[in-house]
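Here is a briefing on one protein model. Please look over the sequence and the fold before reading on.

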Amino acid sequence: MRISRSGRPLLLGTLALCAVLAGGATRVVQDQCGPFTDVTPAFCPYILELYYLGVTAGTSATTFSPDDPLTRGQGAVFVAKGLNQALARSSHRAALAQWWTTTPHDDLGLGVTTVGDFPAFAASDGQDIWVTNEGSGTISRVRASDGKLVETWTGADTAYGILVAMGRVFVGSAKQSGALYMIDPSQPPGPVTTIVPNVGDLPGGLAFDGSRLWVANFSPNTGSVAIVTPAATPPWSVINVTTGFLNPSGMVFDGSNIWVTDVGHASIDRLDSAGGILQQVTLGGWPTQPVFDGANIWVPNYADSKVSVVRAATGEIVATLVGNGVSFPWTAAFDGQRVLVTNKAGSSVSLWNAADLTPLGSFSTSQEPLGACSDGVNFWIVLQASDQLVRF
């Protein structure tokens with residue numbers, strides 16, 4: 001299918017969409033439209049905006065060729081590049097004028113916070129970073145603005161998986177008959193509250209669907225998905241669903257459904273509201289801790305050293321990503337523009353542009369990384385061997 005570059009409704013819609021995504025244009029139209037000599041005043045503001053943003057370069061140094069046909073592929077490139085610019089302009093980084101994207105310097109002691117013993121995973125509440133420390137049974141609260149360790153909560157035996165929801169912090173205990181803990185950040189630090197004494201065996205991935213908590217219980221013998229209903233006082237009620245699951249690992253909510261990775265099935269499964277499997281998408285070996293970017297679910301496949309990108313709306317595998325430094329990937333995180341994956345082998349992280357899956361390179365972390373999250377400006381990466389949280 002080919003479409004004229006001027007006048008015809010589909011392209012006008014495409015140009016208008018890109019202009020809206022880019023923020024519009026109010027420049028004064030001269031006799032010559034920027035470098036282009038063949039663009040009319042009516043189209044000039046929109047075309048110049050796309051040109052200055054790098055969405056289009058025209059057909060030559062001085063021509064845009066507005067009446068030439070446009071393929072669907074070219075139109076897709078226009079929209080994708082416009083979307084990338086919209087994401088950049090609407091990010092927290094843009095609001096704070098922090099346009100740079102840094103290389104980690106934890107090897108120099110920069111951007112490093114020492115937390116508890118044997119840290120595992122991290123989650124952001126938008127202001128602070130919360131880190132589970134499996135070895136010490138504690139949770140560290142780290143101020144994102146400067147990386148200062150401000151609080152330590154205790155009593156969370158083998159603290160592992162973590163979730164921020166409903167103004168609270170929830171933590172799973174990585175042991176047989178593991179508990180589910182809760183922290184109220186508005187209260188002074190102290191012992192955590194046990195809201196479910198036994199949520200399942202080896203609880204790891206946690207998710208929230210706007211009403212209930214979901215927990216992936218990894219146990220090789222009694223793998224299950226737990227659905228926890230909040231209550232005014234503990235213990236909260238829990239239903240464990242075992243049918244169809246082998247080794248549930250990580251969880252995400254896409255706004256409609258809960259998805260859970262299952263190591264035993266090498267899959268990610270879409271669940272209904274009762275925990276039944278609606279769709280099973282076969283991936284690579286040992287799918288672990290996924291992240292949802294608003295359109296796609298990014299799943300690290302640890303055993304196969306690849307990352308699967310799954311369209312949440314359909315369950316289609318959009319891409320299988322290899323290279324770009326991926327080596328035994330464990331955790332995926334999203335900062336609003338980029339997806340980061342931690343690589344347990346090679347001591348590095350790998351980055352992609354979420355909108356078009358473009359690889360952005362891999363970067364050394366000096367030590368083996370495990371968990372990761374983003375506060376919308378920086379990524380935060382757990383270095384388990386040195387008991388550190390590092391800013392990226």
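Predicted model: local features only at pLDDT ≥ 70, side-chain atom pairs only at ≥ 80, totals over all residues.

Residues are numbered from 1 along each chain as its sequence is written, and side-chain values use heavy atoms, with hydrogens and water left out.

**Overall make-up**

- The protein chain holds 4 helices and 30 strands. Helices (H or I, at least four residues) and strands (E, at least two) are DSSP runs, numbered from the N terminus.
- Of the 392 residues in the protein chain, 52% are buried. Buried means under 20% relative accessible area, exposed over 50%, and partly exposed in between (1.4 Å probe, protein chains only).
- Among contacts between residues at least 6 apart in sequence, 47% join residues at least 24 apart. A contact means heavy atoms within 4.5 Å.

**The largest pocket**

- The largest pocket has a volume of about 710 Å³. Its lining has 28 residues, and the closest to the centre are Ile162, Leu163, Leu206, Pro290 and Val291.
- On a 1 Å grid over the protein atoms alone, a pocket is an open set of points where a 1.4 Å probe fits, with protein on both sides within 12 Å along at least five of seven lines; a cavity is a set from which the probe cannot get out. Lining residues have an atom within 4 Å of a point. Grid points are joined across faces, edges and corners, and a volume is the space filled by probe spheres set on the points.
- Strands S4 (119-124), S8 (159-165), S12 (203-208), S16 (248-253), S20 (291-292), S24 (329-334) and S28 (369-374) each give two or more residues to the lining of the largest pocket. S12 gives the most, with 5 residues.
- The lining of the largest pocket divides into 20 nonpolar residues, 8 polar and no charged. Here Ala, Val, Leu, Ile, Met, Phe, Trp, Tyr, Cys and Pro count as nonpolar, Asp, Glu, Lys and Arg as charged, and the others, Gly among them, as polar.

**Aromatic pairs**

- The structure holds 9 aromatic pairs. Rings of Phe, Tyr and Trp (its six-membered ring) pair if their centres lie within 6.5 Å; planes under 30 degrees apart count as stacked, over 60 as edge-to-face and the rest as tilted.
- Trp298 and Trp352 form a tilted pair, because their ring centres are 6.0 Å apart and their planes stand at 45°. This pair links distant parts of the chain: Trp298 is in strand S21 (residues 296-301) and Trp352 in strand S26 (residues 348-353), 54 residues apart.
- Trp298 is buried at 0% relative accessible area. Trp352 is buried at 2%.
- Tyr302 and Trp330 pair edge-to-face, with 5.2 Å centre to centre and 90° between the planes. Tyr302 lies in the loop between S21 and strand S22 (306-311) and Trp330 in S24, so this pair ties together parts that are 28 residues apart in sequence.
- Tyr302 is partly exposed at 23% relative accessibility, whereas Trp330 is buried at 11%.
- Ring pairs join Tyr302, Phe328 and Trp330 into a cluster.

- Asn217 lies in strand S13 (residues 213-217). Asn217 is buried, at 0% relative accessibility.
- The side chain of Asn217 makes a polar contact with that of Asn240 (3.2 Å). A polar contact is a pair of N or O atoms within 3.5 Å; within protein, one must be able to donate a hydrogen and the other to accept it, and residues adjacent in sequence count only if both atoms are side-chain atoms.
- Beyond four places in sequence, Asn217 touches residues including Asp201, Leu202, Val225 and Pro248.
- Ala179 sits in strand S10 (residues 178-183) and is buried at 6% relative accessibility.
- Leaving aside neighbours within four places, Ala179 contacts residues including Val171, Thr194, Val199 and Pro203.

**Backbone features**

- The peptide bond from Pro234 to Pro235 is cis, with omega near 0°. Pro235 lies in the loop between strand S14 (224-229) and strand S15 (237-241).
- Leu202 is not a glycine, yet has a positive phi of about 55°. Leu202 lies in the loop between strand S11 (193-200) and S12 and is partly exposed at 23% relative accessibility.
- Ser305, not a glycine either, has a positive phi of about 50°. Ser305 is in the loop between S21 and S22.
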